[in-house]
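Visitor: Hello! Please walk me through this model, one feature at a time.

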Amino acid sequence: MSFKKSILCIGAGYVGGPTMAMIAYKCPQYKVTVVDISSSRIDAWNSDNLPIYEPGLYEIVKTVRGKNLFFNVDIEEEIIKADTIFVSVNTPTKTFGTGAGMAADLQYWEKTARKIRECATSNKIIIEKSTLPVKTALAMERILTSQNSSIRFDVLSNPEFLAEGTAIKDLEFPDRVLIGSRETPEGISARDELVQIYLNWVPKQKIITSNIWSSELSKLVSNAFLAQRISSINSISALCEKTEADITEVSKAVGMDMRIGSKFLNASIGFGGSCFKKDILNLVYLCEQYGLSEVASYWHGVVKINEYQKERFVLNMLKYMFNTLAGKKISLLGFSFKADTGDIRESPAIFIAKRLAEEKVELVISDPKALQNAKNELCNLDITVSFIEDPYEACINSDAIAVMTEWSVYRALDYEKIYKDMAKPAFIFDGRNILDHKKLFEIGFNVFPIGKPSMSHL
Ligand code: NAD
Ligand code: UGA
């Protein structure tokens, strides 16, 4: 069968896999191929056990895989065949050298650019899907054109705004699709080609275009604004705990102002995920590089409050459990950074588990989808840690339960049964404010939510 277009995506991760699956699903006239340097990841994409858990993803992959969606490791060959190349490799925080702990590590990105230049034998549109520091497209263009060949590369920025757990819905019905290009005739023509791809399912008014630097920066700023809301409400949760105000009531009252809006105002143990922290630190680093130290320190505050919130949670556990946790059995309900994903990258549960280990507790970790990842993360702790999927079993003989992730299954548990099997006094620390606190108190628990008055029998 001949296809109208050959689309390639380099990087088969949380973004590359679902994004390309959606393009293939919505555009049967295009051939979509996803490549990666990790052969085990590609094998998993070709199996019934996909490398990531995302509601609705498997059904879509199953429908189009082998028809117009393909996964393989033949990077060189696929670069030659493609006319449009998305790059969605990882861009983690640098861990070494200048900018360590702050700047984006662009080594994977740059290797990809060099590989494209080395293999391409015809003109290509190159699309930045990864989240990158503003001005990265310039570096990309320089690498691609450094061999003075006659091949033309047009670099576009098309940041991805999907959230894990809702990726399929976000891809199918995006709030907006942003495409940044050079404002030259060639740049605009490349941009129009990408617009045509999205027009297969995204309404025209939701596809916005901009200059390439605005597009790159908008992605960092979107994540910074979202994280800022969480840090704002979390900072106020600390004040609520001192004043008997209730953070849920405050969030509701504040969020009903249409100018503010109600989303992303749920107080929690802090935001996690692979991107918020890394993208804000990247923004902070960029501001510092441009000599904007006040702007840098403003945004750095968002990350600092997040660290404070996680530490505060552990200190509250310590305080309310008589200032000693040593030898106590603590069950963490949830380990993923949010519900409906098995991803634990930057999950606040990691920090909390490691801090509790310093206090010499015995840990039990429970999660419906992230247990294997949790095992890999915590394998070097020098305390007893067990990994038990069944939440009832996970709480037997525990001194305390701490809710880490807002999985809906935890809302519906039989807490009377759980209470009976626990050590007494039984504590529950609801790090997501998802449980019925009054009912738990009536059962006999000592209840400690986030940003609300605690309810204790002691
Ligand atoms: P990921 O780590 O899940 O996937 C990246 C993949 O790229 C890996 O499978 C890795 O093996 C592959 N890779 C690295 N170097 C390669 C190379 N030279 N050639 C081929 N493959 C290579 O990362 P992710 O979560 O998909 O994120 C990718 C980018 O998208 C990041 O910049 C991230 O900030 C951004 N982003 C992520 C999300 C999200 O929800 N995870 C959402 C929006 C944007
Ligand atoms: C986030 C953004 O929402 C996406 O738009 C963006 O594309 C993505 O980052 C990215 O660039 O990687 P994601 O991290 O997958 O998506 O998930 P979110 O729903 O944003 O949640 C992030 C964290 O904030 C989670 O730990 C979540 O539990 C926490 N959160 C969220 C709160 O603590 N309170 C809230 O009110 C909302």
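**A walk through the model**

Visitor: Between which helices is the loop that holds Gly273?
Guide: Helices (H or I, at least four residues) and strands (E, at least two) are DSSP runs, numbered from the N terminus. On that basis, the loop holding Gly273 runs between helix H10 (247-255) and helix H11 (276-289).

Visitor: And what kind of model is this?
Guide: Residues are numbered from 1 along each chain as its sequence is written, while chains are lettered from A and ligands numbered from 1 in the order in which they are written. Local features need pLDDT of at least 70, side-chain atom pairs count only at pLDDT 80 or more, and totals for chains, interfaces and linings use all residues, the model being predicted.

Visitor: Thanks! Is Gly273 buried or exposed?
Guide: A residue is buried if 20 or more other C-beta atoms lie within 10 Å of its own, exposed if 12 or fewer, and partly exposed in between, with C-beta atoms placed from the backbone. Gly273 has 24 C-beta neighbours inside 10 Å, so it counts as buried.

Visitor: Which residues does Glu164 touch, leaving aside neighbours within four places in sequence?
Guide: Glu164 sits in the loop between E6 and helix H7 (167-172), and is buried, with 24 other C-beta atoms within 10 Å. Two residues are in contact if their C-beta atoms, placed from the backbone, lie within 7 Å. With sequence neighbours within four places set aside, the contacts of Glu164 are Tyr14, Glu54, Lys338, Thr341, Asp343 and Gly273.

Visitor: How do the buried residues of H8 lie around its axis?
Guide: The buried residues in H8 are Ala190, Arg191, Leu194 and Ile197. The arc is that of the directions from the helix axis to the C-beta atoms. Down the axis of H8, these buried residues fall within an arc of 105 degrees, so they line one face of the helix.

Visitor: Which residues are exposed on the other side of H8?
Guide: The cover over the buried residues of H8 includes helix H1 (16-26), strand E5 (124-128), strand E6 (153-157), strand E7 (177-181) and strand E8 (207-211). Exposed on the other side of H8 are Pro185, Ser189 and Gln196.

Visitor: Which element gives the most to the side of domain 1 that touches domain 2?
Guide: The C-alpha centres of the two domains lie 32 Å apart. Their contact takes 27 residues from domain 1 and 26 residues from domain 2. On the side of domain 1 that touches domain 2, helix H6 (136-144) and E7 are the elements giving two or more residues. With 4 residues, the element that gives the most is E7.

Visitor: What is omega for the peptide bond from Lys424 to Pro425?
Guide: Most residues other than glycine have a negative phi, and most peptide bonds are trans. Pro425 is in the loop between helix H17 (415-421) and strand E13 (427-430). The bond from Lys424 to Pro425 is cis, with omega near -5 degrees.

Visitor: And what is phi of Asn323?
Guide: Asn323 counts as exposed, with 7 C-beta neighbours inside 10 Å, and lies in the loop between helix H12 (293-320) and strand E9 (329-333). Its phi is positive in a residue other than glycine, near 60 degrees.

Technical notes: Domain bounds come from an automatic or database domain assignment.
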